[in-house]
Structures are given as C-alpha cells and as structure tokens.
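Dear colleague,

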Amino acid sequence: MSTPHIAAEPGDFAPAVLMPGDPKRAEKIAHTLMNDAKLVTDVRSMLGFTGTYRGKPLSVMGSGMGQPSLTIYATELFKFFGVERIIRVGTCGSISAQARVGDTVVAMSAHTDSHINVARFPEITFAPCASWSLLSAAMRAVDELPEADRDRVHVGTVFSEDHFYFKVPGLLERLRAYGTLALEMETAALYGVAAELGREALTVLTVSDSLLDHSQDMTPQERETKFANALTLATAAALC
C-alpha cells in the first residue's frame, strides 16, 4: 500500500528505522550496516532500505531537511507501515563549549522556533522528548565506543530551528546559558509525531561544526563519513 510519499508495501519496513536527513547518507548507512540491504522506496529520490543487522530486521530512510519534511515521512512510516521507532541520525552545530566537533550529542528533548507542534496544543507549550527506552539503550552502548570517545558523548537539549541562516540576535547566547548543546532542524517534529502516534523516537547527532569556533568544522565529505560513534548508539537504540 503506497502512500503519497513512500512507494512500499506493508512489511517492507522493519519495526525500527534509522533516519538521516540526506538520502545518500541513508544509502551509505544501509550498505555499511547490512549486506542484504534492499531498496524499498525511492519516491522523490528519498531512498529507503531494509535488511538485517545482527540478525534483526532494520530499515534506513532519508527524511529530507527541516521539520515539515521529516513530519511527512515519520507520520507515514508510523501510521501505514508498522514502524514502531525512528532514530534520527544526523549532524548538528554545537553552541556549547562541552560539545566539540566530532563529538556525539544525544537529544533528550528539543526546543524549537517552529509552529509545527503548536497546532497539537495551542493552549500550552508542548515539550516533546525522547523515548526513555531508546535513550537508555543508546547510553548503555557508550561502552562499545573506543575508550577515547566515551567522554565525547553528551546528553541534553537541542534546538530545532526552521532557519538555517537567519539568527535572532542574542538567542543562541540565551539558549547556551540554559544548557542547550546544539542546533539542528528536525528533532522537535520527530518527537512530536512519535508522541501523537504513541511510538518511540530518539535523535543521535554528530557535531559537524561549532558556532563558537569554525576552524575545526567538518568538510562536506567528512559529514558523510564521520558518524561511526553516533551510528553505534543509534543502532543500539533501534534494536533494543
């Protein structure tokens, strides 16, 4: 049963989906993790794959950039394809001295300047957060990382912003003062969809650049390859 944005049949997707933004990164992750990865959808070139990892079914699919795009794919996967949990695997820009380029950020919750969740609760400020079971599984997997990288995993709040270039003067400084670790563009929407539909979600991010010091920012090529630690935590959550 195809949907407007996913050309697949029931059973084509595993219960767990890893979801990077870039469909090319989805393809790379799928073939990195799974020898039997099979393309199950390619509508609008948004590639989705399913195979097995460590003996369990696993899917990987791109979400596109931004919260509206991710909301479409996450909603269709949850509602029509039997997906139970989605783990976003992406990049972020650090606004904290704690999180250096190359570190991993696990998002407990997400602030946002988007109105994407306002329609759900116009009367209150809705605070979407990660699934505890996925978050705890990811953190247990920290012990699988190289010893030198274990202290480079940070858990906290991120800011899901709609604008990539436009910045409100003073906003990042205030977010930093309140303990926000990094900027990205999808998590608040993912956690909102999961809460609405009674599913599970988690975001695991690689710090690709720092708004405090751009001298160490990753190149576009490095953004596509330096996500091994984040992938270890994300797969642990997916298969928990």
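A strand, in the sense used here, is a DSSP run of E with at least two residues, and strands are numbered from the N terminus. Please bear in mind that this is a predicted model.

By that definition V155 lies in strand β7, which covers residues 153-160. Of the 8 residues in β7, 7 are buried, and the strand is therefore mostly covered, where buried means under 20% relative accessible area. V155 itself counts as partly exposed because its relative accessibility is 35%, and together with M108 and M139 it makes a nonpolar surface patch of about 210 Å².

Which strands pair with β7? Strand β6 (residues 104-112) runs parallel to β7 and is joined to it by 8 bridges, with T104 standing opposite V153. Strand β8 (residues 182-184) also pairs with β7 in the parallel sense, over 3 bridges, and here S160 stands opposite E184. Helix α4 (residues 171-177) belongs with β7 and β8 to a right-handed β-α-β unit.

Another set of strands involves β4 (residues 56-61), which runs parallel to strand β1 (residues 16-19) and is joined to it by 2 bridges, V17 being opposite S59. With strand β3 (residues 48-53), on the other hand, β4 pairs in the antiparallel sense over 6 bridges, and T52 faces P57 across that pairing. The strands β3 and β4 form a hairpin with 2 residues between them, and R54 in the turn has a positive phi of about 55 degrees.

With best wishes

Definitions and conventions:
Residues are numbered from 1 along each chain as its sequence is written. This is a predicted model: local features need pLDDT of at least 70, side-chain atom pairs count only at pLDDT 80 or more; totals for chains, interfaces and linings use all residues. Side-chain values use heavy atoms; hydrogens and water are left out. Patches are made of residues with over 30% relative accessible area and no salt bridge: like charges are joined within 9 Å, nonpolar side chains (Val, Leu, Ile, Met, Phe, Trp, Tyr) within 5 Å. Accessible areas come from the Shrake-Rupley method with a 1.4 Å probe; for residues, only the protein chains shown count as cover. A salt bridge is a side-chain nitrogen of Lys or Arg within 4 Å of a carboxyl oxygen of Asp or Glu. Helices (H or I, at least four residues) and strands (E, at least two) are DSSP runs, numbered from the N terminus. Buried means under 20% relative accessible area, exposed over 50%, partly exposed in between (1.4 Å probe, protein chains only). Two strands pair if DSSP finds at least two bridges between them. A crossover is right-handed if, with the strands pointing away from the viewer, the path from the first strand over the helix to the second runs clockwise.
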